[in-house]
Amino acid sequence: MKKPLTLVLLALFLFILSPLASAQDFKLVPEPKQPEKRDGAFTITPKTRIVIHAAHADDDRLAAETIAEEIESATGQKLKITVARAMPKAGAIYLARTTDDARAQDQLAAALKLDDKFDQEGYALDASSERVLITARTG
């Protein structure tokens, strides 16, 4: 992933680690067009893992390692990085491109009303109590 997206991911995880924060409490670059705060929180546990989609595993490994280091620094928990061809059901932070995984794309379309006009430079973040899904059209 490109460096700006890595910074976005780091900001997201600092937000996740601070359950009292709101969408307006953190700065993402580029700024989200439509931030939406929902109830619930994703909890990082010893079983939480970072999953990168197999189609771009080499490209996204650095972003996953950076996120893992930031989480370890903030929580003391070292997260395992794995590779998969599909979005995990729960307990994971999932990095993928929007075209890599139809199930992830369907979830984003439903949760965030993501459509074909999604910008080439854009990204989507969907955090629930089950998982965190981070996608972009390009790396």
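A salt bridge is a side-chain nitrogen of Lys or Arg within 4 Å of a carboxyl oxygen of Asp or Glu. Keep that rule in mind as you look through these views of a predicted model.

**View 1. E130 and R131 form a salt bridge.** The closest N and O atoms of E130 and R131 are 3.7 Å apart, so the pair falls within the 4 Å limit. Are these two residues buried or exposed? E130 counts as partly exposed, with 43% relative accessibility, whereas R131 counts as buried, at 6%. By the rule above, the model has two salt bridges, and the next view shows R97 with D60.

**View 2. R97 and D60 meet through their side chains in a salt bridge.** Here the N to O distance is 2.7 Å. Where in the chain do the two partners sit? R97 belongs to strand β3 (residues 92-97) and D60 to helix α2 (residues 57-75), so this pair, 37 residues apart, links distant parts of the chain. R97 is buried because its relative accessibility of 7% is under 20%. D60 is buried too, with a relative accessible area of 0%.

**View 3. The largest nonpolar core has 16 residues.** Which residues have the most contacts inside this core? They are I50, I93 and L95. The elements giving two or more residues to this core are β1 (49-53), α2, β3 and β5 (131-136). Helix α2 provides the largest share, six residues. In soluble globular proteins, nonpolar side chains tend to be buried together.

**View 4. I50 touches residues from elsewhere in the sequence.** Leaving out residues up to four places away in sequence, the contacts of I50 include A64, I67 and A68. I50 also touches L79, K80, I81 and T82, as well as I93 and L95.

View 5. How much of the chain is buried? Buried residues make up 42% of its 139 residues. Among contacts between residues at least 6 apart in sequence, 65% join residues at least 24 apart. The accessible surface of the protein chain comes to about 8100 Å², and carbon and sulfur atoms account for 52% of that surface. The title count of helices and strands is for the protein chain.

Technical notes:
Residues numbered from 1 in each chain as written. Predicted model: local features only at pLDDT ≥ 70, side-chain atom pairs only at ≥ 80, totals over all residues. Heavy atoms only, no water. Helix = DSSP H or I, 4+ residues; strand = E, 2+ residues; numbered from the N terminus. Buried < 20%, exposed > 50% of the residue type's maximum accessible area, 1.4 Å probe, protein only. Core = buried A, V, L, I, M, F, W, Y, C linked by side-chain atoms within 4.5 Å. Contact = heavy atoms within 4.5 Å. Areas by Shrake-Rupley, 256 points an atom, 1.4 Å probe, with all protein chains shown as cover.
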